[in-house]
Amino acid sequence: MKLFFLGWTRFVVALLVLQVGLAGWGAVSDGGDRVMRFIAHVGNGGMLIFWLMLSIVFALIARSGWRTVLLTALSAFMILMQGGFAYGFGTDGASGGVGIALHALNGLGILVVQVVVARRAKQAVDAKRALRAEGSEVPA
């Protein structure tokens with residue numbers, strides 16, 4: 001299960017990188033294309049909420065350690081805050097700019113936290129492989 005969780009976290013990191021790319025793609029376009037590109041960004045964000053909620057369950061099943069579980073839960077909480085940052089401050093004026101800035105910074109924070117989770121998952125898999133290799137050696 002640790003190996004599955006490692007693959008899962010890498011998949012979530014890839015989705016987060018795609019999310020940043022979709023945001024940038026929408027930000028540099030004009031007209032109707034801009035709306036359609038941001039729809040892709042919002043749709044992927046909705047899927048990320050689902051994937052990160054499942055990540056908490058998988059982190060628990062994989063027995064990846066409490067710190068990893070808490071970091072995964074933090075990522076899920078941070079992604080739930082994204083909607084509040086994007087829409088809670090309004091879209092016009094200075095408060096809209098602050099909301100979008102917080103939305104972008106929080107998104108990058110989620111990516112950083114998930115990279116840390118992926119590294120911790122990799123360390124857990126490596127430790128399990130080392131124990132397995134150590135146990136399979138025949139004493140001379």
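**Exercise 1. Identify the residues with the most contacts inside the largest nonpolar core.**

Step 1. A nonpolar core is a set of buried Ala, Val, Leu, Ile, Met, Phe, Trp, Tyr and Cys residues joined through side-chain atoms within 4.5 Å; buried means under 20% relative accessible area, exposed over 50%, partly exposed in between (1.4 Å probe, protein chains only).
Step 2. The largest such core holds 24 residues, and F5, V12, L16, L48, L52 and I110 have the most contacts inside it.
Step 3. Two or more core residues come from each of α1 (2-27), α2 (31-61), α3 (66-87) and α4 (93-136); helices are DSSP runs (H or I, at least four residues), numbered from the N terminus.
Step 4. Leaving aside residues up to four places away in sequence, L16 touches L48, I110, L111 and Q114, where contact means heavy atoms within 4.5 Å.

This is a predicted model, in which local features need pLDDT of at least 70 and side-chain atom pairs count only at pLDDT 80 or more, while totals for chains, interfaces and linings use all residues. Residues are numbered from 1 along each chain as its sequence is written, and side-chain values use heavy atoms, without hydrogens and water.

**Exercise 2. Is R63 buried or exposed?**

R63 is exposed, at a relative accessible area of 72%.
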